[in-house]
Amino acid sequence: MNLLSNRISREVLQPGDHIYAYRKAHTYSHHGIYVGEGWVIHFVNTKGKGKTSSKRKPRCSDCKNDPNTARGVVKTCIDCFLKGHGLFRFEYNVSHDRFNIKNKGTCSTESCYPGGETVRRASEIFDKDPTHGTGFGEYDLLKNNCENFASYCKRGTNVSEQVVRVSSVGNSFADSSNSSSTSSAASPTGIDDAATSKTAFLISKATSFFSSVS
Ligand SMILES: [Zn+2]
């Protein structure tokens with residue numbers, strides 16, 4: 001077990017948990033709020049959903065989510081949220097020591113609302129416009145993304161630390177060619193937070209520390 005990893009199993013999920021899952025060879029993570037009974041409220045890109053017919057994906061048989069048209073603040077089953085990737089829980093109230101050795105965008109030293117209040121805040125935004133999901137405004141990768149939404153629901157401040165991370169290392173989204181293939185060898189659990197550091201964090205100041213723990 002890797003003590004630095006936030007990976008969890010579904011059985012321990014609690015309503016109000018701020019959760020995330022990695023996407024695209026671990027170059028970024030998608031965040032959301034677990035609201036109980038298998039449902040997640042999350043904020044997906046409001047633009048660029050004009051998929052051609054050959055790339056269209058089927059509607060979810062469980063939650064009826066249509067991935068081809070879903071946008072804005074959506075409420076889906078956890079499978080639609082994870083898209084086959086591992087489940088992680090964002091940590092709050094971590095010590096400064098722990099914060100300094102973990103990937104940005106995985107934890108915070110700040111306190112957070114209790115689960116019930118977090119669920120209420122996420123539901124309030126979703127309920128503003130369940131059809132079009134406009135309750136949190138337009139999606140913006142740098143200023144208003146999925147992590148901003150989850151952060152706002154969970155602690156009341158609109159923060160995206162992974163964007164700070166990416167901004168600080170330049171356009172590292174393109175540097176994903178070898179990230180996924182190294183994770184299983186680097187960690188006994190296969191995919192975890194420490195292994196993901198192989199991508200954007202390679203260039204960051206934390207590189208030397210992470211190589212010693214993964
Ligand atoms: Zn679904």
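Which residues have the most contacts inside the largest nonpolar core? Keep that in mind as you open this predicted model.

**Whole chain**

Start with everything shown. The protein has 8 helices and 5 strands. From the N terminus, the elements run β-β-β-β-α-β-α-α-α-α-α-α-α. Colour by burial next. Of the 214 residues, 35% are buried.

**First hairpin: β1 and β2**

Select residues 18-23 for β1 and 28-36 for β2. The two strands run antiparallel, joined by 6 bridges. They form a hairpin with 4 residues between them. Click on Lys 24 in that turn: its phi is positive, about 45°. Then find Arg 23, whose bridge partner in β2 is Tyr 28.

Stay on β2. Is this strand largely enclosed or largely open? It is largely enclosed by the rest of the structure, because 8 of its 9 residues are buried.

β2 and β3 pair in the antiparallel sense, over 4 bridges. Look for Gly 32, whose bridge partner in β3 is His 42.

**The core**

Back to the opening question. The largest nonpolar core has 28 residues, and those with the most contacts inside it are Ile 33, Val 35, Val 40, Val 73 and Ala 122. Select these five and centre the view on them.

β3 gives the most, with 5 residues.

Now zoom in on Val 40. Leaving out residues up to four places away in sequence, Val 40 touches Ile 19, Gly 32, Ile 33, Tyr 34, Val 35, Thr 76, Ile 78 and Phe 81.

**Helix α4**

Last stop: select residues 146-155, helix α4. Of its 10 residues, 8 are buried, so the helix is largely enclosed by the rest of the structure. Show side chains for the buried ones: Cys 146, Glu 147, Asn 148, Phe 149, Ala 150, Ser 151, Cys 153 and Lys 154. Then step past the end of the helix. What follows α4? Gly 156 does, with a positive phi near 85°.

Technical notes: Residues numbered from 1 in each chain as written. Predicted model: local features only at pLDDT ≥ 70, side-chain atom pairs only at ≥ 80, totals over all residues. Buried ≥ 20, exposed ≤ 12 C-beta atoms within 10 Å, placed from the backbone. Core = buried A, V, L, I, M, F, W, Y, C linked by C-beta atoms within 7 Å. Contact = placed C-beta atoms within 7 Å. Pairing = 2+ DSSP bridges.
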